[in-house]
Amino acid sequence: MTADWSDGYVVDVPYIEPLTPELCPARLSMAAVLHNQPPIPDSHTIQWIDVGSGSGLSACMVAAANPRISVWGFDFNPTHVERAREIANGAALDNCTFVEASFAAVASDRDLGPSDADVIVVHGVHSWVSPVNQRQITEIIRQRLRPGGLAYVMYETATGWSSMVPIAEALRLHAIADGRRSDHAFEEAARDVLRLAEARARYFPIGDPESLQFQLLTERNSSYAAHEYLGSHFRPVMFDELATIMDSKACVYAGSVDASDHIAGVWSPPELTDLLAHTTDLLLRQMLQDLVVQRQLRQDLYRRGLAAPTPDAQRKWMRHLAVVGLGKEYVDGSALTLPIGQVRVDDEFYRPLVDRLTETTLSLADIEAERSGMTLGDAATALGFLVEAGFAAPLVNGWETGSAVSSARRLNELLIAENLRGGDHRALVAPATGAAIESEYVEMLTLGALWSGTPDDVGAITSHVLEQLTRQERLVRENGVLIENVEEARIVVERRVRRALDRAQGAFVQLGIC
Ligand SMILES: C[S@@+](CC[C@H](N)C(=O)[O-])C[C@H]1O[C@@H](n2cnc3c(N)ncnc32)[C@H](O)[C@@H]1O
């Protein structure tokens, strides 16, 4: 934890390897259009930069699913850069480059990587690095983001995290006194700190979102938790702090990447809607909104100069928006989890839409035509719900024509091969979305078996998966519970293999995975 080059960031244990769909160009384009800004152009090779790219898996996802994009990742941790290159080489991604460099080094040398970028993403960095490093990151954006380029910044917000700050400090001091590697030190620190709440230390109770994080302390992957809590600079950020700095770099807030951000009703209860609607100051309105929903994370989209499009241009971009189904079944009467809480939607309208997604993609114009009297704005609301609820993801137009299917397949095969060696990847790259979708161990092994020539036979594949589980001394989990009974495990695995085989012939074909 005290390496000279670390600048207070945790470097003695690598970060986990998430696949984050929000970073993909199709998702960023959709967010831009829903906020009346142009999509990312397809007239030239897009330069896409990930600042603080970690293991590089998300950057590799973007490279594999969008082979015409030039992808760059910067990170100062050589362990992360080595791993990122290993993934990129293993999947033969030749449009993806990782550079070992600190934020300060990138900010002071425009020859490191591309000098101009169309997209810069900074995911999960701001709330964990020093104010000096935060300024270096925004300086990189100022120098490199071309006019009209998009910057995506995801960070933890004070409204949903602030009371974890003293707890993180206690965890950090505990880990320093312990002296062992961060992940090992974290486990013991978490156990001790949890006792504070059990013994009714007066600091508790803390806010609801923080309480949830607090209760999960001992269940967290300890490598993840070490990065989350043990750095010297953990501090949730508030929207206006970042927006003000970005504004000074000529980058204007365009909206959030949350698919429901453009839907006013889901961000406030009716009794506060007029307060938010009458608050014209952007910084204040976002701050009030974060207080209303006790927001924990922000996924902000900035643009290097806001465009002033004509209404015709806006309508044209809107009508081009389309989504592809993710194979999630619609259950009548179920509620959607939205920022404001659980919301019931009209089954008569949404069920047919979700059913249609099993057959075809849906454009905003298709949704508009679904019911008479519907406006393009209503259709945009419906589209936001479909994406937010996990029924659909933004579609990459023309994904079938390039080499995305083969590059995504190579990366998926690599992820499956790593799972066979004890890895824990739970996502598959889906070229139709330009990103990854959620998956799980049995499903991934089923695909791996099919791809390596095992016949489409439930019994044979179930036995293969069970053998792998036994060989790796791994248990299957159902509804969060580990299944130790062998017969129960067989039933669960067989059910999942059947589902995976169905998906391999249905949703996965539409998504370009199979
Ligand atoms: C929480 S991780 C997020 C990684 C990745 N964006 C993701 O979402 O998986 C933060 C990353 O920032 C990198 N980082 C922290 N301080 C840095 C610095 N001063 N210069 C370059 N990279 C830094 C870390 O090595 C780490 O990979």
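What percentage of the 514 residues in the chain is made up of buried residues? Buried residues make up 54% of them, where buried means under 20% relative accessible area, exposed means over 50%, and partly exposed lies in between, with a 1.4 Å probe and only protein chains counted. Keep in mind from the start that this is a predicted model, in which local features need pLDDT of at least 70 and side-chain atom pairs count only at pLDDT 80 or more, while totals for chains, interfaces and linings use all residues. Residues are numbered from 1 along each chain as its sequence is written, and side-chain values use heavy atoms, with hydrogens and water left out.

**The whole chain**

Colour it by secondary structure to see 22 helices and 16 strands, which are DSSP runs numbered from the N terminus, with helices (H or I) of at least four residues and strands (E) of at least two. Among the contacts in the chain with a separation of 6 or more, 76% join residues 24 or more positions apart, a contact being heavy atoms within 4.5 Å.

**The ligand**

Next, select the ligand and the 17 residues that surround it, of which the closest are Gly 52, Asp 75, His 80, Phe 103 and His 123; a residue belongs here if one of its heavy atoms lies within 4 Å of the ligand. Start at Gly 52, where a backbone N or O atom lies 2.7 Å from a nitrogen atom of the ligand, and then turn to His 123, which has a polar backbone atom 2.8 Å from a nitrogen atom of the ligand. At Asp 75, an N or O atom of the side chain is 2.6 Å from an oxygen atom of the ligand. The protein covers 97% of the 590 Å² of accessible area that the ligand has on its own, as given by the Shrake-Rupley method with a 1.4 Å probe.

**Helix α1**

Now select residues 25–34, which form helix α1, and notice that 10 of its 10 residues are buried, including Arg 27, Leu 28 and Met 30. After α1 comes Asn 36, whose phi is positive, near 65°.

**A loop residue**

Finally, select Glu 473, in the loop between α20 (458–471) and β15 (477–478). Is Glu 473 buried or exposed? Glu 473 is exposed, because its relative accessible area is 76%.

Conventions. A polar contact is a pair of N or O atoms within 3.5 Å; within protein, one must be able to donate a hydrogen and the other to accept it, and residues adjacent in sequence count only if both atoms are side-chain atoms.
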